[in-house]
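The points are grouped by topic for reference.

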Amino acid sequence: MTSSHVGQCTVLVHVLDVDGAPVRGAMVMVTRSSGSHSDIAAITDDRGVVELDGLVPGPVLVEAHTEVGRSASGTVEADVARPATLALRIPAI
Amino acid sequence: MSNNSQAGKTAVLTPDPEVEFEPLKSATDDDHESDSNVSGAEHDDEVATSAPSIGEEAAAHVPTGEDGLELADARVEANVAFEPEVDAELAEFATDEDIERALASISEVVIGPDDRVQVTATNRYPWRAICSLRIRAANGRGFIGTGFLVSPRVLITAGHVVFMHNQGGWADEIEVIPGRNGARQPFGSCTSKHFHSVTGWTKKGDRNYDYGAIVLPNDCRFGDRVGWFGYANYSDATLSGLKVNLSGYPGDKGGATQWWHARRLTNLSSRMLRYNIDTAGGQSGSPVWRLRNGQRYAVGVHTTGSQSGNGATRINGPVYNRITSWTALHK
């Protein structure tokens, strides 16, 4: 596998509101990683969860945006050994 | 260069001397072997190519006549932050004097890291040939991306939009919305379940082959109405430092509005283009195009973000030929 191949790391992102309830329909994306990342955005399901894959090991900056313009971001360490998990809380208006 | 197809009429255009064509390498370049979620015999490789088409309701504006950015150079070089919802059509077709007057009316602020411009004239070409995509993966998960029309029925996008290795493979379906502008869908939408990519992506997961196509149903020929992008395989000399445009549907802006940015290419290889054009998740599949003599030619398909420069799959010879084969297959 060369550096042009997609990475093997996965990050599970859980998007919540200020009360801890899942946020459905948020757009979640990688904005910075240790290598290249696909510029696609995942949409959270009813549980507020998305899976971001194809990442290379190292720190990953993740952002979540709602359709009404609220957002949250956080950093997680991507690891080949196991999927990393990240919880993002969308602030209230 | 290619045949210009509009409403059944064809015309052969004089080849552009700067455009170089690499011979089809399908016999030896296995990684560009076409792959699809729909089985069936494919046509021979003798195909017709297509120049850009502006579709119906042609704009009455005069093309700029120069290589460059969709916005006047002076505007971009001034590096001024814009008010939201600047009309990109005014910026594209206005004279330099018009641009300067518009700039004078806009508050000048310190530029932050993001100077993308929202496109509001999405009912006009070329913006209407760029499509918002709502993707349902094979495992039911949802994603957003961007694609652009290259013929009446074929959109080009990133390979990872139509085939996701860790989400069950081929997408289940993709909703295509040309010229989407928030809640407005000026041309409606259609859903496709027919996709193409190449084995370099689907079998090997190699980003050098990260491109694919979405085929619209025969009763949804968006390109006939909104037009389509031309595409070209240019030489390294032509691409080096070339001004390019990129426009798509980023998720950090809500995912339903189109945003444009432009810069010169910073790096290129035989298979990839690099640039410091601002992008965000959701813009995978956006066209990277050259504006020349009023014609738009895609030179790359935006695929990745990276600290070393965002990137696109370069439309080189094999990619050019593969795209052409797909458009010929789905007339």
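Over all chains, the structure holds 12 salt bridges.

**Confidence of the prediction**

- For the complex, the predictor gives an ipTM of 0.95 and a pTM of 0.82.
- Chain A has an average pLDDT of 93, and 97% of its residues score at least 70.
- Within chain A, confidence is lowest in strand β3 (residues 37-38), where the mean is 94, and highest in β4(A), at 98.
- Chain B has an average pLDDT of 77, and 70% of its residues score at least 70.
- Residues 1-28 of chain B keep a pLDDT under 50, and the model has 55 contacts beyond four places in sequence for this segment.
- Residues 72-112 of chain B likewise keep a pLDDT under 50; here the model has 60 contacts beyond four places in sequence.

**Interface between chain A and chain B**

- Chain A contributes 22 residues to the contact, and chain B contributes 34 residues.
- The size of an interface is often expressed as the accessible area that is lost when the parts come together.
- Between chain A and chain B, the buried area is about 2300 Å², and carbon and sulfur atoms give 48% of this area.
- D39(A), I40(A) and I43(A) together supply 27% of the area that chain A buries against chain B, more than any other three residues.
- Side chains of opposite charge can pair when their charged atoms come close.
- One salt bridge is found across the interface of chain A and chain B.
- R141(B) forms a salt bridge with E51(A), and the closest N and O atoms of the two are 3.6 Å apart.

**Cavities**

- The structure holds three cavities of 30 Å³ or more.
- The second largest cavity has a volume of about 50 Å³.
- From chain A, its lining includes A42(A), I43(A), D45(A), V49(A), V50(A) and E51(A); from chain B, the lining includes R141(B), G142(B) and F143(B).
- The elements that give two or more residues to the lining of this second largest cavity are β4 (41-43) and β5 (49-55) of chain A, together with β6 (142-149) of chain B.
- β5(A) gives the most to this lining, with three residues.
- By class, the lining of the second largest cavity comprises five nonpolar, one polar and three charged residues.
- R141(B) and E51(A) both line the second largest cavity, and these two residues are joined by a salt bridge.
- I43(A) also lines the second largest cavity, and I43(A) is one of the three residues that supply 27% of the area chain A buries against chain B.

**Largest pocket**

- The largest pocket holds about 590 Å³ of space.
- The pocket is lined by 26 residues, of which T31(A), D278(B), T279(B), S306(B) and N310(B) are the closest to its centre.
- In chain A, β2 (27-32) and β6 (58-65) each supply at least two residues of the lining.
- β2(A) gives the most to the lining of the largest pocket, with four residues.
- By class, the lining of the largest pocket comprises seven nonpolar, 12 polar and seven charged residues.

**Local backbone features in chain B**

- The peptide bond from Y125(B) to P126(B) is cis, with omega near 5°.
- P126(B) is placed in the loop between β4 (117-119) and β5 (130-136) of chain B.
- N293(B) has a phi near 50°, a positive value in a residue other than glycine.
- N293(B) is placed in the loop between β18 (287-292) and β19 (295-305) of chain B.

**Surroundings of R89(A)**

- R89(A) is part of strand β8 (residues 84-89) of chain A.
- Apart from neighbours within four places in sequence, R89(A) is in contact with L16(A), D17(A), V18(A), D19(A), G20(A) and A72(A).
- R89(A) and E77(A) are 12 residues apart along the chain, and their C-alpha atoms are separated by 18 Å.

How values were computed: Residues numbered from 1 in each chain as written. Chains lettered and ligands numbered in written order. Predicted model: local features only at pLDDT ≥ 70, side-chain atom pairs only at ≥ 80, totals over all residues. Heavy atoms only, no water. pLDDT = per-residue confidence, 0-100. Contact = heavy atoms within 4.5 Å. 1 Å grid on protein atoms, 1.4 Å probe; cavity = no way out; pocket = protein on both sides within 12 Å on 5 of 7 lines; lining within 4 Å. Points joined across faces, edges and corners; volume = space filled by probe spheres on them. Nonpolar A, V, L, I, M, F, W, Y, C, P; charged D, E, K, R; others polar. Buried area = accessible area lost by both parts, 1.4 Å probe. Salt bridge = Lys/Arg side-chain N within 4 Å of Asp/Glu carboxyl O.
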